[in-house]
Amino acid sequence: MSNKAIKPSLKNPFDPPETVDFTIPGEITRADGGYEAAMREGYELTQRPIKSVSVAQVEKQHFKKRMTVWERIKVLTQEEPNILFQNWGKNLDGASLVTGILNIGGRDVALYGHDFTVRAGSMDATNGRKLANLFQMAGEKGIPVIGMNDSAGAFVPAGVGGLDGYAEAFTALRKISGVVPSIMCMFGFNAGGGSYLPRQGSFVIQPNDTFFGLTGPGVVKSVLGEDITPEELGGPKVHGLSGVADITVADEVAALRRAVRLLSYLPDNNSTLARYQQTTDPLDRKTWEINTLLKKAFNSPTGFNTPFDVSIMIQQICDHGDYIEMQADRARNVITAFGRLDGNVVGFVANNSAVDSGQIDVDAAFKIARFNRFCNIYNIPMIFMEDTTGFLPGREQEARGIVHAGRAMLDSIVDIRTPRILLIIRNAFGGAYASYNNYPTGADLVLALPTTRLAVMGPAGKEFVYKDELRKLRAALKDRVKQETSARVAAGMDGAEAKKDAEREAADWLKARETELNQRYEKELMNPKEALSLGSISSIVMPTDLRKVLGENMNFFLRHYKPSAMGGVQREFH
């Protein structure tokens, strides 16, 4: 038995030896000279960023259930990457950062990825310059960016150079924000600059078993004395709820594939439309499922107060039911998503009555504002689907700044320049209606289902509309109790018992009368008739015709829309 330790190797012993021939086919073989030596040395330099890493480092990465940067590239595309600035770094090994151009689905995409097998993917001044150059080129050429972040942060031995590197990258990425979209995948353990940089991007995708944040658990422990796990501090559950992460997934492969899918919904830059994709789903397909959904909901015992999941409606409207939701873990009372309608990319913003009656709270308002601004910048048309009883009231919401959040949402809607349609599904009350993409705030078209209940207030509005009748009913309550008590006493009941029974009967009588007024209020005022008469609604559309009507109108608006970069005044907030 051998006493020698077996060293791991990635080399297949059955593979033939790798030889690289630098002679021209058919050329007479001669002794190698200086030219051949220079060629071999140049070839080795091209391979060094990939092959200079020890097997042990690769094994460490795999042991953590992480891929190397080169393996991640292969998940994004099977095309050979065009690696740029490949040998920067003192040891000409790529200096822990890979930058290049990928071809994904026939599109050029600027890519960067930290190589954790080299210096733990850390950043120094050289890497910062390298990354800044890539961002600048992406902005100039008008191509999107994908980032694969897996970095321990600034390279400590580089001193302030590591901070300068991050600062240069921060600045370059900020300058192309709003010029080209960017998708950032978070892998491994990222802290400090490794978190700030990707969050400057358009979208962040975070898999399970990863961390990113201001500081790691060790710093929290030393400064605050608080024991906390990476998952509790900066895992996908934390960032998914806060909106720091736009998409959370199971693992690295899912993150990369989701990035490719999301990319298919995005334009190359702010001067173009997202790519049209031919569809075999007929535009005039009847949306019977929407009719069934609404029928089951509104014919239930709770009637028009029955909640339902609006994502089913979005699915039925989109080509083959395919759409991708943003910030799905946050503020489920509203859904923001990209989908396709007759081949064109559309942004959906929909109140979801299945959660908190679709009321708009602080998180929902900021979620809507963020999505609106992205669609506005990148020429993506929008469909708003309204079903909300209003903004969520209460002390907590006021303390968190619901007025500020609501204003951010309203501002983002007023500023939209892309084609946009409002579909009112059911409830549209008060300030929520007034700030939710109606004609006065700039909608191109407002449609409503027959189930629409548009009013200044919900059922509580009866207190103002029928206040005289209610006052008379409540004033008569005392006399009714007195009369009923006397009648019961005369019939032989005990006085105290007679009064209690009379009060119960009178309360039931009043409740029945108020219910009648509620129904009258809903029938007379909580409907689309007044809005139709005033032109606040353009027309009524049947649930089974939603895909056809929305698609035909959106196609019309897009035929007359010229995509361009934003111009004019840029607003101060958000």
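Trainee: In what order do the seven strands of the open sheet sit?

Mentor: This is a predicted model, and in it the order is E1-E2-E3-E4-E5-E7-E9, with mixed pairing.

Trainee: Which strands stand at the edges?

Mentor: Those are E1 (82–84) and E9 (247–249). Each has a single partner strand, so one side of each is left without a neighbour in the sheet.

Trainee: And how far are neighbouring strands turned against each other?

Mentor: By 20° on average, ignoring direction.

Trainee: Let's go into the sheet. How many bridges join E4 to E5?

Mentor: Five, and the two strands run parallel; E4 covers residues 145–149 and E5 covers 182–186. Take Ile146: its bridge partner in E5 is Ile183.

Trainee: What is the bridge partner of Ile183 in E7?

Mentor: That's Phe203. E5 and E7 run parallel as well, joined by three bridges.

Trainee: OK, and which way do E7 and E9 pair, parallel or antiparallel?

Mentor: Parallel, over three bridges. You can find Pro207 opposite Val249 of E9 there.

Trainee: How many residues of E7 are buried?

Mentor: Five of its five, across residues 203–207.

Trainee: Switching to helices. What does H3 lie across?

Mentor: H3 lies across E1, E2 (97–104), E3 (107–114) and E4, and runs at about 15° to E2.

Trainee: At what angle do H3 and H10 cross?

Mentor: Roughly 45°, with their axes coming within 9 Å; H3 is residues 69–76 and H10 is 252–263. That makes H3 oblique to H10. The crossing is right-handed.

Trainee: Which residues make the contact?

Mentor: From H3 you have Arg72, Val75 and Leu76, and from H10 there are Glu252, Val253, Leu256, Arg257 and Val260. They divide into five nonpolar and three charged residues, with no polar ones.

Trainee: One more spot: where is Ser435?

Mentor: In the loop between helix H16 (430–434) and strand E15 (445–448).

Trainee: Is Ser435 buried or exposed?

Mentor: Buried: its relative accessible area is 6%, and the cut-off for buried is under 20%.

Trainee: What does Ser435 touch?

Mentor: Leaving out residues up to four places away in sequence, Ser435 touches Phe391, Met409, Leu410 and Ile413.

Definitions and conventions: Residues numbered from 1 in each chain as written. Predicted model: local features only at pLDDT ≥ 70, side-chain atom pairs only at ≥ 80, totals over all residues. Heavy atoms only, no water. Axes fitted to C-alpha atoms, helices over the stretch in contact; angles between N-to-C directions. Helix = DSSP H or I, 4+ residues; strand = E, 2+ residues; numbered from the N terminus. Parallel < 35°, antiparallel > 145°, perpendicular 65-115°, else oblique. Left-handed = near helix turned anticlockwise from the far one by under 90°. Contact = heavy atoms within 4.5 Å. Nonpolar A, V, L, I, M, F, W, Y, C, P; charged D, E, K, R; others polar. Pairing = 2+ DSSP bridges. Buried < 20%, exposed > 50% of the residue type's maximum accessible area, 1.4 Å probe, protein only.
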